Amino acid sequence: MKSISRPTAAVIGLTLAAAALAGCSEEAGGAGGGAEAGGCAPEDVVLVGQVRNESNPYEASWLDGGDAFAEQVSLTQKRLTYDGDSTKQQEQITQLLAGDTECLVMNILPNGDSDTLPIVEGAQEAGAYLVTQWNKPADVNVTDYSQWLSHITYNGVESGQQIGDALAEAIGGKGGIIALQGILDTGAAKDRFAGLEASLEANPDVELLDDQTANFSRDEALAVTKTLLTKHGDKIKGIWAANDDMALGALAALEQAGRDDVAVVGIDAVPDALTAIEDGAMTATVSSDGPWQGGIGLAIGYCVATGELSVDDIADEDRAWFAEQFLITGDNVGDFTAPEVDESDFECDNVFSRSQGAIS
């Protein structure tokens with residue numbers, strides 16, 4: 001199991017090198033609206049970031065990262081949220097694509113795997129520049145499209161197993177745990193739970209007492225955890241959550257129940273989770289660096305739209321790729337609460353610097 005511990009940016013600072021990206025416009029060539037030869041002036045680029053909701057701290061940090069990137073190239077990001085409603089997401093995308101799409105750059109979190117293809121086909125037809133993250137059907141290939149520039153995700157099996165192993169260690173290698181799953185029609189939820197199953201196989205004295213979906217929601221996790229605490233009582237020694245929002249909901253349920261003897265792990269490295277790890281209330285999380293995601297998707301699109309990159313410049317392994325992620329525990333949490341920003345990540349010749357390899 002590969003575990004990466006070096007500190008990285010968990011937020012995008014306001015000191016990104018604008019000059020490196022502004023230079024993208026100098027080599028623009030060809031007609032606008034085509035991914036192979038973007039010809040947009042920087043001031044004509046329209047940046048859009050879309051996530052489920054801003055009540056999720058991770059997704060809010062994604063949009064904040066998009067804002068920070070936009071500011072560095074003297075633009076403004078249009079922030080869209082669809083409240084986890086696939087129909088609403090598709091309506092928002094349709095409205096965007098019905099307008100002027102010649103220099104439109106979209107950095108999108110599809111609600112589920114099945115929501116990705118309509119977005120991709122709409123962008124392809126309209127000539128908009130699209131980067132998607134997290135959710136994509138396995139049999140849909142980015143390389144079959146010219147306007148779908150890149151798909152970024154994370155090795156969910158790895159992160160699910162990392163926090164599973166951290167949980168097993170925290171409870172002394174034996175005892176009962178419960179699992180809070182995410183939205184089941186997402187690759188992230190499926191892969192993370194597969195990682196937990198791998199961890200359970202490696203830690204045979206840890207017993208999965210129950211698993212329920214809480215849809216990546218803090219409120220739902222609070223309710224589900226209260227029910228499972230009533231059902232399983234003192235048998236529960238640990239709680240595995242597929243994201244930090246659910247982990248924080250579980251912590252709230254434990255506090256209400258007067259339980260301080262249960263280890264909790266999650267994924268996303270949201271600020272409240274990092275604080276909980278610092279305080280010893282939470283055991284571990286994994287950072288996918290939401291602010292970096294919010295910036296990098298726009299950066300890739302911006303560089304193609306302004307002509308610094310073309311789709312032919314992007315290697316096949318960078319069309320659909322795993323990005324770097326980081327296991328955070330009490331031993332290294334300080335590295336992530338006071339991170340350093342690597343400005344070179346957003347230069348047009350370096351936007352794939354965090355790639356950990358192609359999605360197989």
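Reader: What makes a residue or atom pair count here?
Author: The model is predicted, so local features need pLDDT of at least 70 and side-chain atom pairs count only at pLDDT 80 or more, while totals for chains, interfaces and linings use all residues. Residues are numbered from 1 along each chain as its sequence is written, and side-chain values use heavy atoms, with hydrogens and water left out.

Reader: How many helices and strands are in the protein?
Author: The protein has 11 helices and 13 strands. Both are DSSP runs, numbered from the N terminus: helices are H or I with at least four residues, strands are E with at least two.

Reader: Why is α2 called oblique to α10?
Author: The axes of helix α2 (residues 57–72) and helix α10 (residues 290–305) cross at roughly 45 degrees. Axes are lines fitted to C-alpha atoms, for helices over the stretch in contact, and angles run from 0 to 180 degrees between N-to-C directions. Under 35 degrees counts as roughly parallel, over 145 as roughly antiparallel, 65 to 115 as roughly perpendicular, and the rest as oblique. That makes α2 oblique to α10. The two axes come within 6 Å.

Reader: Which residues make that contact, and how do they divide by class?
Author: Contact means heavy atoms within 4.5 Å. From α2 come Tyr58, Ser61, Trp62, Gly65, Gly66 and Phe69. From α10 come Gly290, Pro291, Gln293, Gly294, Gly295, Leu298, Ala299 and Tyr302. By class, the contact of α2 with α10 has seven nonpolar, seven polar and no charged residues. Ala, Val, Leu, Ile, Met, Phe, Trp, Tyr, Cys and Pro count as nonpolar; Asp, Glu, Lys and Arg as charged; the others, Gly among them, as polar.

Reader: What makes β2 and β13 edge strands?
Author: The open sheet has seven strands in the order β2-β1-β3-β4-β5-β11-β13, with mixed pairing. β2 (77–81) and β13 (355–358) each have a single partner strand, so one side of each is left without a neighbour in the sheet. Two strands pair if DSSP finds at least two bridges between them.

Reader: How do you know that β1 and β2 pair?
Author: Strand β1 (residues 46–51) and β2 have five bridges, in the parallel sense. Gly49 stands opposite Arg79 in β2.

Reader: Which helices lie across these strands?
Author: α2 lies across β1, β2, β3 (104–108) and β4 (129–133), at about 165 degrees to β2. Helix α3 (residues 86–97) lies across β1, β2 and β3, at about 165 degrees to β3.

Reader: Why is Asp83 called exposed?
Author: Exposed means over 50% relative accessible area, buried under 20%, partly exposed in between (1.4 Å probe, protein chains only). Asp83 has 52%, so Asp83 counts as exposed. Asp83 sits in the loop between β2 and α3. Its phi is positive, about 55 degrees, although Asp83 is not a glycine.

Reader: Is Trp134 buried or exposed?
Author: Trp134 is buried, at 9%. Its place is the loop between β4 and β5 (148–153). Trp134 also has a positive phi, about 75 degrees, without being a glycine.

Reader: What makes Ala263 buried, and what does Ala263 touch?
Author: Ala263 has a relative accessible area of 11%, so Ala263 is buried. Ala263 lies in strand β9 (residues 263–265). Leaving out residues up to four places away in sequence, Ala263 touches Leu167, Ala170, Ile171, Lys237, Gly238, Ile239 and Thr283.

Reader: How many of the 360 residues count as buried, in percent?
Author: The share is 58%.
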